[in-house]
Amino acid sequence: MFPASPGALATWRDEFPILHRTLYMISNSLGAMPREAARSLAEYADTWATRGVRAWEERWWEMALEVGSAVASIVGAPAGSVCMHDNVTSAQMAALSCLKPEGRRRTIVCAAADFPSMIHLYRAQIPLGFDVRVVPAGADLNVDEQRLVEAIDETTLVVAFSHVLFRTSFIVDPRPVVERARHVGALTMLDVYQSAGIVPLDVTRLGVDFATGGCLKWLCGGPGNGFLYARPDLLATLHPRFTGWLALTRPFAFDVDDGELREDAMRLMNGTPPIPAYYAALPGLEIVGRVGVERIREHSKRMTAHLLELVDRRGWSTPTSRDPERVAGTVAIDVPDALPASRGLKARDVLVDYRPKVGIRVSPHFYNTFEELDRLVDTLGQVIADRAFGDAPSTRVT
Ligand SMILES: Cc1ncc(COP(=O)(O)O)c(C=O)c1O
């Protein structure tokens with residue numbers, strides 16, 4: 001199975017088949033698939049084929065909690081306090097559906113630098129009586145903790161903010177935000193999608209009320225695995241409007257008058273979950289847990305520092321913070337023609353992504369090497385010099 005001990009990080013490369021074929025530097029978007037995920041998905045197919053409907057009671061019904069507990073051990077949450085949703089948007093909807101605007105307390109405070117899907121979701125709650133305050137970004141495209149703190153007052157119902165900003169990979173310090181929110185009696189919901197698996201995280205110590213994220217990126221778990229943490233003592237008091245039979249204590253009573261909710265995190269779930277996604281997610285979670293996020297962070301800091309040095313040497317510009325404590329895992333390179341250049345890289349099996357305003361985003365993980373960073377920068381230099389741009393994709397931009 002896996003290497004017996006974590007050993008040198010390079011020993012994990014064999015566990016990720018795509019690394020042998022491509023320069024894979026896009027783990028902020030889609031982490032590389034662990035070889036073991038294929039075996040785990042085959043186990044899913046075999047279970048379905050051989051156990052049939054019995055699989056629900058043997059494992060599947062509670063599997064969201066099994067995967068949630070694997071996530072919990074990485075983000076500093078107790079087992080039973082994390083459940084799974086299809087994605088972060090639906091996880092946040094489940095959390096928001098527990099909240100009710102009352103009196104003056106009706107504002108969702110969020111940041112212009114949050115992932116846009118979240119802000120669309122918050123604004124869609126306005127007809128229910130919520131207000132939304134979007135804190136604008138500074139010239140550096142970031143919304144730091146100080147800006148958030150200043151936007152919180154007695155009208156704040158919940159502060160919904162990102163631990164790491166998706167565009168710039170800037171690390172927001174959640175502590176002053178949580179402190180200010182508590183002081184005025186507001187809740188906090190932290191989006192850890194861009195930090196879980198690359199930045200050490202302890203949602204219990206931070207004292208956030210909710211945290212959401214997914215396994216798709218730095219946790220190498222594939223799509224369909226959004227997660228939702230709720231502070232255990234808060235959890236027991238929550239009554240979600242977005243709910244369903246998975247949340248019930250006695251779902252198989254099929255009794256419409258028995259709505260008693262579970263006490264663990266499955267209280268915040270709704271309908272039948274995407275079981276294959278859970279099988280896909282477990283190996284990545286296990287690997288990240290074994291390697292250890294502290295170690296991943298140490299390697300990541302050295303990688304991003306090296307990348308910034310290479311960018312400086314080339315005279316390219318970058319919006320990435322120069323404070324290593326503020327950079328999560330991604331360095332953006334804002335060269336002219338960044339979008340076609342990113343396609344040129346893709347045509348050469350160098351996988352990175354592009355975002356408007358910041359350029360090409362390069363996201364090395366624990367399985368990447370310094371030699372790969374050198375090769376990536378050389379290839380980008382060549383693509384730009386030769387104007388060897390790739391074709392535009394027909395659908396989405398990466
Ligand atoms: C910080 C952050 N939050 C949320 C999302 C999107 O979440 P989902 O598509 O799972 O709803 C992303 C996607 O990249 C993200 O980076």
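The legends below describe close-up views of a predicted model.

**View 1**
In the domain assignment, domain 1 is made of two stretches of the chain, residues 9–32 and 292–386, while domain 2 covers residues 38–289. The C-alpha centres of domain 1 and domain 2 are 28 Å apart, and where the domains meet, 26 residues of domain 1 are in contact with 23 residues of domain 2. On the side of domain 1 that touches domain 2, helix H11, which runs over residues 293–314, gives the most, with five residues. Sorted by class, the residues on this side of domain 1 are 10 nonpolar, 10 polar and six charged.

**View 1. The crossing of helices H4 and H5.**
Helix H4 (residues 88–96) and helix H5 (residues 116–123) have axes that come within 10 Å of each other and cross at roughly 35 degrees, and the crossing in which H4 passes H5 is right-handed. From H4, the residues that take part in the contact are Thr 89, Gln 92 and Met 93, and they meet Ser 117, Met 118 and Leu 121 of H5. The residues of this contact divide into three nonpolar and three polar, with no charged residue among them.

**View 2. The crossing of helices H12 and H13.**
The axes of helix H12 (residues 338–347) and helix H13 (residues 370–386) come within 9 Å and cross at roughly 120 degrees, and H12 and H13 are therefore oblique to each other. As H12 passes H13, the crossing is right-handed. On the H12 side, the contact is formed by Ala 341, Gly 344 and Leu 345, which meet Thr 379, Leu 380, Val 383 and Ile 384 on the H13 side. Five of the residues in this contact are nonpolar and two are polar, and none is charged.

Methods: Residues numbered from 1 in each chain as written. Predicted model: local features only at pLDDT ≥ 70, side-chain atom pairs only at ≥ 80, totals over all residues. Domains from an automatic or database assignment. Contact = placed C-beta atoms within 7 Å. Helix = DSSP H or I, 4+ residues; strand = E, 2+ residues; numbered from the N terminus. Nonpolar A, V, L, I, M, F, W, Y, C, P; charged D, E, K, R; others polar. Axes fitted to C-alpha atoms, helices over the stretch in contact; angles between N-to-C directions. Left-handed = near helix turned anticlockwise from the far one by under 90°. Parallel < 35°, antiparallel > 145°, perpendicular 65-115°, else oblique.
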